[in-house]
Amino acid sequence: MNRRAARLLTSLYPRPWRVRYGAEFEAFLVAGPRGLRAFTNVALFAFCEHLFPLGGLKMNRLPRSFGAILCAYLVVIAAGINFYLTIDDSSLAAAMRANPGLSTAWNVVALGSVAALLGAIAMLAPLAFGALRFALREKRRDVLLRLLAPPLAAGMLAAWVIGAFLFLGKHWAPLPWAVLGDFAAPADWPSLQARWLFGGLTSALAAALLAVSSIGVYQAIQRTRFDQLRFTLLHRPFTIHPLRFARIPGMILTAAMAVMTLGVFAWGLAANLNATSAFHAYSGPMHSTAFASWMGSICVFAAASVIALRTAPSLLTPAGE
Amino acid sequence: MRSTRDVVEVENTLGNGHYSDPPLLVLASLASGSKHGHAMIEDIAGMCGTRLGPGTLYGAIARLEHQGLIEPLTPEDRRRPYRITEAGLRTLGAKLTTLHQFANAGLKRLEAL
């Protein structure tokens, strides 16, 4: 392998890894392995090193717990959007108005989502501010870049959807929920093939951006050294430590995600009993049934809740700081 | 009775019997003396037919060093050799004993078929 390729591959690894192994690894690559297989092997392991860094074993438990809960929340947001858009504008929405069981379960999910949002804002605000201050003070571009990942990802997804919306004659074809195979679409709608293509691209892009955002948030918190924040409110000085302050909102967020999961589960059971035909109609994303869409959502909700619930007890441990 | 085709298919699925547990392979390689990266790759390939990729090898080296199971020696012409530690020898012994027991039990079951 030539020196330039070896240097490029070595540069894919995280900085702490390069500091320790960079020189010898580069020399190792120059002297020996070559070809596409070696190239992909190194690229894959460099990516894994970013996901599960060696130093991660030494990381404090508390920042890691906040990172895991925030990642779980990002995934819950995606599953919640899928759940909402599956029901919106479908016969399930009408069924909910007629059935108290369905509407009660829906209200539980809605209340849970409001509590989760408030918990997330209260938890994220001091953490984001602390991480941002650390990144600017220490000139840590790596932390700054990772903090920017979620807003940049949201912006990219919005730009893609709006761009495709305009390109397709102002139709919502780029949304995966517009792919409705059994629906006799009006003549001015984009073709079914176009809806499949754009819906598929949107789904793939959303999944990739969600993964990038989750990794970004987790790593930004992981790489930050949180210090006390001092500020004045109503002429009174306050001092808070972001990690200590974020504990209670973190617990609220975890509990709210668990409530939402129970609500979505109960809603599915009620829909299966009381609105069977609408529940099995094709109103899910990418021409799936509402039932399949609900199954996908509940699996994601449950997985995220389990992660958050398993992580949350460490927020109460003083030794975890 | 199983046909030859079935056996070939199973062998292909299992990677022709190649064993791949990179940290264990690195420890086993260093048990015969200190080595640098290339020497480890060749030694492991000769020992069990598995040729580790560069990322796989250094992933295993970094974690083993982090766990105190191997330690770096002074670099020789930018190539850094590694040697196994006492803790590494104990870990290797324990893992190989488990594997040995597992292999014996598995082979006995195969013989009984």
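A:D142 is buried, with a relative accessible area of 19%, where buried means under 20% relative accessible area, exposed over 50% and partly exposed in between (1.4 Å probe, protein chains only). A:D142 forms a salt bridge with A:R140, and the closest N and O atoms of the two are 2.9 Å apart; a salt bridge is here a side-chain nitrogen of Lys or Arg within 4 Å of a carboxyl oxygen of Asp or Glu.

This is a predicted model, in which local features need pLDDT of at least 70 and side-chain atom pairs count only at pLDDT 80 or more, while totals for chains, interfaces and linings use all residues. Residues are numbered from 1 along each chain as its sequence is written, chains are lettered from A and ligands numbered from 1 in the order in which they are written, and side-chain values use heavy atoms, with hydrogens and water left out.

**Salt bridges**

Over all chains, the structure holds 13 salt bridges, and three of them are set out below.

| Pair | Closest N and O atoms |
|---|---|
| A:E24 and B:R80 | 2.8 Å |
| A:D142 and A:R140 | 2.9 Å |

A:E24 is buried at a relative accessible area of 6%, whereas B:R80 is partly exposed at 22%. Both residues belong to a network of salt bridges that links A:R20, A:E24, B:E65 and B:R80.

**Helix packing in chain B**

Helix 2 (residues 22-30) and helix 5 (residues 86-111) of chain B pack at an angle of about 115 degrees, with their axes 10 Å apart; axes are lines fitted to C-alpha atoms, for helices over the stretch in contact, and angles run from 0 to 180 degrees between N-to-C directions. From helix 2 of chain B, B:L24, B:L27 and B:A28 meet residues of helix 5 of chain B, including B:T91, B:L92 and B:K95, where contact means heavy atoms within 4.5 Å.

Notes: Helices (H or I, at least four residues) and strands (E, at least two) are DSSP runs, numbered from the N terminus.
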